[in-house]
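This report concerns a single protein chain and one open space on it. Please look over the sequence and the model before reading on.

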Amino acid sequence: HKATKMLNETLKWRLEYKPHLIRWDEVKGEAKTGKHYIYHVKDKFDRPIVIMRPRLEDTKNYDAQIRFLIYDLEQASRIA
């Protein structure tokens with residue numbers, strides 16, 4: 001029951017937020033600092049690695065930061 005509810009909430013969020021439609025042009029300003037990125041090597045289970053370096057965070061736009069994080073996670077999931 002709990003898992004079904006969580007899955008439904010995730011699907012609802014994906015329909016509303018549309019993370020698959022976020023494009024590089026929208027987030028490239030946030031990427032300049034290198035605060036997180038998809039590492040060029042996969043882990044021992046062949047999964048992509050997202051490196052996060054919060055000390056490099058220098059922007060104040062919370063929504064843009066979240067969109068960039070979601071963009072990177074979506075890209076990593078496509079590679080997987």
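The model is predicted, so local features need pLDDT of at least 70 and side-chain atom pairs pLDDT 80 or more, while totals for chains, interfaces and linings use all residues. Residues are numbered from 1 along each chain as its sequence is written, and side-chain values use heavy atoms, without hydrogens and water.

The largest pocket holds about 160 Å³ of space. A pocket is an open set of points on a 1 Å grid where a 1.4 Å probe fits, with protein on both sides within 12 Å along at least five of seven lines; lining residues have an atom within 4 Å of a point. The lining includes Lys35, Met52, Glu57 and Gln65. By class, it comprises 5 nonpolar, 2 polar and 3 charged residues. Helix 3 (residues 62–79) contributes the most, with 4 residues; helices are DSSP runs (H or I) of at least four residues.

Gln65 is placed in helix 3. Its side chain takes part in the polar contacts below (N or O atoms within 3.5 Å, one able to donate a hydrogen and the other to accept it).

| Partner of the Gln65 side chain | Distance |
|---|---|
| Glu57, side chain | 3.1 Å |

Lys32 lies in the loop between helix 2 (24–31) and strand 1 (36–38). Lys32 counts as exposed because its relative accessibility is 72%, and exposed means over 50% with a 1.4 Å probe.

How values were computed. Grid points are joined across faces, edges and corners, and a volume is the space filled by probe spheres set on the points. Helices (H or I, at least four residues) and strands (E, at least two) are DSSP runs, numbered from the N terminus. Ala, Val, Leu, Ile, Met, Phe, Trp, Tyr, Cys and Pro count as nonpolar, Asp, Glu, Lys and Arg as charged, and the others, Gly among them, as polar. Buried means under 20% relative accessible area, exposed over 50%, partly exposed in between (1.4 Å probe, protein chains only).
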